[in-house]
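Please consult the sequence and the structure below while reading.

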Amino acid sequence: MDTKVQSALNEQIRAELHSAYLYLGMSAHFSEQNFDGFAHWMKLQADEEVEHAMKLYAHVLRCGGHVELKAVEAPPKKLGSPLSVFQAALAHEKKITGMIHELFDLAREKDDYATELELQWFVNEQVEEEENAGRAVEQLKMAGESTAALLMLDHRFGERGG
Ligand code: OFO
């Protein structure tokens, strides 16, 4: 495996685990605020991020590369309203999309067809990730300051399946 591709994949493994940590922190924040539905949504999101990291981890090993696990930074200590938390999640997903696209470009440049194919799944996944977080932001904007609307959304988000 090309060393540049390998190091970018290892960096992406770190970024996916950081996403998991970020969403787990958001889930805890919502649990503490008694928003159990938002907490459930974020916990499932955190679980998905670990799966993303493990998908890349397996890919590096299958291609004979070296997995280098890096330090994962802590998530923010303080979080705000549901709207601000989901806005932060959307901004984070946009950043991750940019990283996946750069990684895709690099795999192409290095003629690493296997990595390019592996990354196609991630390109699609990021469309879904931005769509889900974006929808949540729009719905929370509509709820505004209404406690009844927020509780209704909390209930709805609690129905998210794995
Ligand atoms: Fe792994 O998709 Fe979000 O970060």
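A cavity is a set of grid points where a 1.4 Å probe fits but cannot get out, and its lining residues have an atom within 4 Å of a point. The model examined here is predicted.

## Overall architecture

The protein chain contains five helices and zero strands. Read from the N terminus, its elements follow the order α-α-α-α-α. Along the principal axes, the C-alpha trace spans about 55 × 25 × 25 Å.

Of the 162 residues in the protein chain, 44% are buried. Among contacts with a separation of 6 or more, 80% are between residues 24 or more positions apart.

Helix H1 covers residues 3-32 and comprises 30 residues. From its first C-alpha to its last, H1 reaches 44 Å, close to the 44 Å expected at 1.5 Å a residue. At the start of this helix, a side-chain oxygen of aspartate 2 comes to within 2.8 Å of the backbone nitrogen of lysine 4. Just after H1, asparagine 34 adopts a positive phi of about 65°.

Helix H3 (82-109) has 28 residues, and the distance from its first C-alpha to its last is 41 Å, close to the expected 40 Å. Just after H3, aspartate 111 likewise has a positive phi, of about 55°.

## Glutamine 6

Glutamine 6 is located in helix H1. Why does glutamine 6 count as buried? Its relative accessible area is 18%, and buried means under 20%, so the residue falls in that class.

With residues up to four places away in sequence left out, glutamine 6 touches Met1, Gly65 and His66.

## The largest cavity

The structure holds one cavity of 30 Å³ or more. The space in the largest cavity amounts to about 40 Å³. Its lining is formed by Tyr23, Trp41, Gln45, Ala89, Glu93, Glu129, Asn132 and Ala133. Helix H2 (36-62), helix H3 (82-109) and helix H4 (113-143) are the elements that give two or more residues to this lining.

Which element supplies the largest share of the lining of the largest cavity? That share comes from H4, with three residues. By class, the cavity lining divides into four nonpolar, two polar and two charged residues.

## The largest pocket

The largest pocket has a volume of about 180 Å³. Trp41, Asn132, Arg135, Ala136, Gln139, Arg156, Phe157 and Arg160 line this pocket. At least two residues of the pocket lining come from each of H4 and helix H5 (147-157). H4 gives the most, with four residues.

The pocket lining consists of three nonpolar, two polar and three charged residues. H4 gives the largest share of the lining of the cavity and the most to that of the pocket.

Notes: Residues are numbered from 1 along each chain as its sequence is written. This is a predicted model: local features need pLDDT of at least 70, side-chain atom pairs count only at pLDDT 80 or more; totals for chains, interfaces and linings use all residues. Side-chain values use heavy atoms; hydrogens and water are left out. The expected span of a helix is 1.5 Å times one less than its number of residues. A polar contact is a pair of N or O atoms within 3.5 Å; within protein, one must be able to donate a hydrogen and the other to accept it, and residues adjacent in sequence count only if both atoms are side-chain atoms. On a 1 Å grid over the protein atoms alone, a cavity is a set of points where a 1.4 Å probe fits but cannot get out, and a pocket is an open set with protein on both sides within 12 Å along at least five of seven lines; lining residues have an atom within 4 Å of a point. Grid points are joined across faces, edges and corners, and a volume is the space filled by probe spheres set on the points. Ala, Val, Leu, Ile, Met, Phe, Trp, Tyr, Cys and Pro count as nonpolar, Asp, Glu, Lys and Arg as charged, and the others, Gly among them, as polar. Buried means under 20% relative accessible area, exposed over 50%, partly exposed in between (1.4 Å probe, protein chains only). Contact means heavy atoms within 4.5 Å.
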